[in-house]
Amino acid sequence: MVTAMKVNYAGTVPISTLDWTGKAAVTIFFRGCPLRCPYCQNHPYLEGPGLVELDFVKEQIKNSKPFVSAVVFSGGEPLMQDAVVPLAEFARNLGLAVGVHTNGCYPERAAELVERKLVDKFFIDVKAPLDDPELYGKVAGRKEYTDAGKKTAAKKTPEEITKAIAKTIETADASGLELELRTTVVRGFIGNEEEISRIAAWISDRIKNREVTYVLQQGIPEHSLQENLRKNRVLERGELLELGKVAKGFLENVRIRTKEEGEEGV
Ligand code: SF4
């Protein structure tokens, strides 16, 4: 007996202009993530099953099709689930562009989407300098994580996490597809000048795609998963702009994203 594939699903934004700058997209949020970033704003999506049939999610995409030119898979972590592949295929057959927001922990699934030409753009988190597993582990909220996407759950160390993320970025870069790398900045937690310059230097050293976009996102501490961050003062637009200038010393295409002004170039 073949069991129908289910999706651990968190919700849909039928028309979004925020998830893929320049495009109107239907955004599908997957439930579940192997990380626990203390600043996570989507923490209601981290735990618990919200299983729906694949056809239900296809229907959501189809309903938005007259109004959008793209689908964005977000979360949680979309690449954690097998279902992202048939959904990307479905969207592709409808003529939609496919974007994937990912924390980069699943390089094999990213490679599968690339090989099968089921993705047009990756948006990948670079939460901290990738050559600093200890700091990365802290920002990702894990000294280690359980790879729940695998049949036999395996514990992964911060070294393995950063290696997987670097591999996803390498795959996305080698694909020649559009690529956005993004860092969420939270005062007193991650994203001071020194950390941003280390991240930007890493990207500049490793990435061949000169069109790569690097975005600094304003974290909103009051919505954090971890309570002790909620009182941190939000980084103001001007402060983010200054950090953007630091990144600009290494990279051509730097942008900031704030609640006040949306997305803007540095
Ligand atoms: S911010 Fe971290 S914990 Fe939250 S969904 Fe993204 S990767 Fe997962």
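Modeller: Here is a walk through the sheet, then the helix pairs, then the loops and the ligand.

Two bits of housekeeping come before that. Residues are numbered from 1 along each chain as its sequence is written. This is a predicted model, so local features need pLDDT of at least 70, side-chain atom pairs count only at pLDDT 80 or more, and totals for chains, interfaces and linings use all residues.

Start with the sheet. It is an open one of ten strands, in the order β3-β1-β2-β4-β5-β6-β9-β10-β11-β12, and the pairing is mixed. Helices (H or I, at least four residues) and strands (E, at least two) are DSSP runs, numbered from the N terminus, and two strands pair if DSSP finds at least two bridges between them. At the edges stand β3 (51–53) and β12 (262–265); each has a single partner strand, so one side of each is left without a neighbour in the sheet. From one strand to the next, the twist averages 30°. Such angles run from 0 to 180 degrees between N-to-C directions, and axes are lines fitted to C-alpha atoms, for helices over the stretch in contact.

Now zoom in on one pair of strands. β9 (residues 178–185) and β10 (residues 213–218) pair in the parallel sense over six bridges. Thr-184, for example, has Gln-217 in β10 as its bridge partner. Helix α1 (residues 54–64) packs on the sheet as well, touching β1 (6–16), β2 (25–30), β3 and β4 (70–75). The direction of α1 makes about 10° with that of β1. Contact here says that the C-beta atoms of two residues, placed from the backbone, lie within 7 Å.

Helix α1 has a helix partner too. α1 and α2 pack at an angle of about 35°, their axes 10 Å apart, and α1 passes α2 in a right-handed crossing. (A crossing is right-handed if the near helix is turned clockwise from the far one by less than a right angle, and left-handed if anticlockwise.) Leu-54, Val-57, Lys-58 and Ile-61 of α1 meet Pro-86, Leu-87, Phe-90 and Ala-91 of α2. That contact divides into seven nonpolar, no polar and one charged residues. For these classes, Ala, Val, Leu, Ile, Met, Phe, Trp, Tyr, Cys and Pro count as nonpolar, Asp, Glu, Lys and Arg as charged, and the others, Gly among them, as polar.

Next come α3 (residues 107–115) and α5 (residues 158–175), whose axes come within 8 Å and cross at roughly 10°. The contact includes Pro-107 and Ala-110 of α3 and Ala-164 and Lys-167 of α5. By class, this contact has six nonpolar, three polar and one charged residues.

Two loops deserve a look. Gly-76 lies between β4 and α2 (84–93), and the peptide bond from Gly-75 to Gly-76 is cis, with omega near 15°. Lys-117 sits in the loop between α3 and β6 (121–125), and its phi is near 55°, a positive value in a residue other than glycine.

Gly-75 and Gly-76 turn up again around the ligand, along with others including Cys-33, Arg-36, Glu-77 and Asn-103. The shell has five nonpolar, four polar and two charged residues.

Conventions:
Near = placed C-beta within 6 Å.
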